[in-house]
Amino acid sequence: KAVVSTQSTGDKKTVLIQAIVFIVFVVICVGGGSVVGIINAAGFGEDSKWYQSLIKPSWNPPSWLFGPVWAVLYTLMGIAAWLVWRQTGFCKRPIPLAVFWIHMVFNFAWVFIFGMAHELGWALVDIVVLVFLIIATIKLFWRESWVAGALLIPYLCWCSFATALNFYIWWYTPSSSTSFSQHDTGLEKNEL
């Protein structure tokens, strides 16, 4: 009976630890994204004169859509990271989660570069690097849990769309709005 009791206690601890880590991953992803969004809210949306002055394509989503989409994506990221953690822990195979956290730095940095610094060109550089890091994260996660990798596919799609949107805005907005403009490339708009 003592063995059964000890095993049951061990199982409860394992479940509790997994639940705590799950909550931590989701809170860091969703909470971090929310904090970054709140800090930069003035740089985006209908209330931002700067954002309204940008030349955006007809396929630019309405401002109200970004919050709900990011909430879902950050939740999926947290779940995916937790699934990988269950396979790798923090030390057993640290590379997948290390790449994940590096990619999160680029994710959060984009909002500051674009929304606060108003550096459209540098935001484009950041988001292109971010897309490559997302691809690397998906590949690394897929090896540990195909579900974790699959959970990041909508995020890759959204960020690929956001990259095209960032490029369009950077290309068609006058260079006075950014220090790294399309004119720094040596190309003219009609050459694309």
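**View 1. Thr88 lies in helix H3, residues 63-88.** This is a predicted model: local features need pLDDT of at least 70, side-chain atom pairs count only at pLDDT 80 or more, and totals for chains, interfaces and linings use all residues. Residues are numbered from 1 along each chain as its sequence is written, and side-chain values use heavy atoms, with hydrogens and water left out. Helices (H or I, at least four residues) and strands (E, at least two) are DSSP runs, numbered from the N terminus. Is Thr88 buried or exposed? Thr88 counts as buried, because its relative accessibility is 1%. Buried means under 20% relative accessible area, exposed over 50%, and partly exposed in between (1.4 Å probe, protein chains only). Setting aside neighbours within four places in sequence, Thr88 contacts Arg93, Leu97 and Glu144. Contact means heavy atoms within 4.5 Å.

**View 2. H3 packs on H7 at an angle of about 140°.** The two axes are 10 Å apart. Axes are lines fitted to C-alpha atoms, for helices over the stretch in contact, and angles run from 0 to 180 degrees between N-to-C directions. H3 and H7 are therefore oblique to each other. Angles under 35 degrees count as roughly parallel, over 145 as roughly antiparallel, 65 to 115 as roughly perpendicular and the rest as oblique. H3 passes H7 in a left-handed crossing. A crossing is left-handed if the near helix is turned anticlockwise from the far one by less than a right angle, and right-handed if clockwise. From H3 come Leu65, Phe66, Val69, Trp70, Leu73, Leu76 and Met77. They meet Pro154, Tyr155, Trp158, Cys159 and Leu165 of H7. By class, this contact has twelve nonpolar, no polar and no charged residues. Ala, Val, Leu, Ile, Met, Phe, Trp, Tyr, Cys and Pro count as nonpolar, Asp, Glu, Lys and Arg as charged, and the others, Gly among them, as polar.

**View 3. Helix H4 (residues 95-116) crosses helix H7 (residues 153-172) at roughly 30°.** Their axes come within 14 Å. That angle makes H4 roughly parallel to H7. The crossing of H4 past H7 is left-handed. H4 supplies His103, Asn107, Trp110 and Phe114 to the contact. H7 supplies Tyr155, Asn166 and Ile169. The contact of H4 with H7 has four nonpolar, three polar and no charged residues.

**View 4. Ile95 lies in helix H4.** Ile95 counts as exposed, because its relative accessibility is 52%. Its C-alpha atom is separated by 8.0 Å from that of Leu140, 45 residues apart along the chain.

**View 5. His118 is found in the loop between H4 and helix H5 (120-144).** His118 has a positive phi of about 60°, although it is not a glycine. At 23% relative accessibility, His118 counts as partly exposed.

View 6. Buried residues make up 40% of the 192 residues. Among contacts between residues at least 6 apart in sequence, 72% join residues at least 24 apart. The average pLDDT, the predictor's confidence in each residue from 0 to 100, is 87 for the protein. A score of at least 70 is reached by 85% of the residues. Where is confidence lowest, and where is it highest? The lowest is in helix H1 (residues 2-39), at a mean of 80, and the highest is in helix H6 (residues 146-151), at 98.
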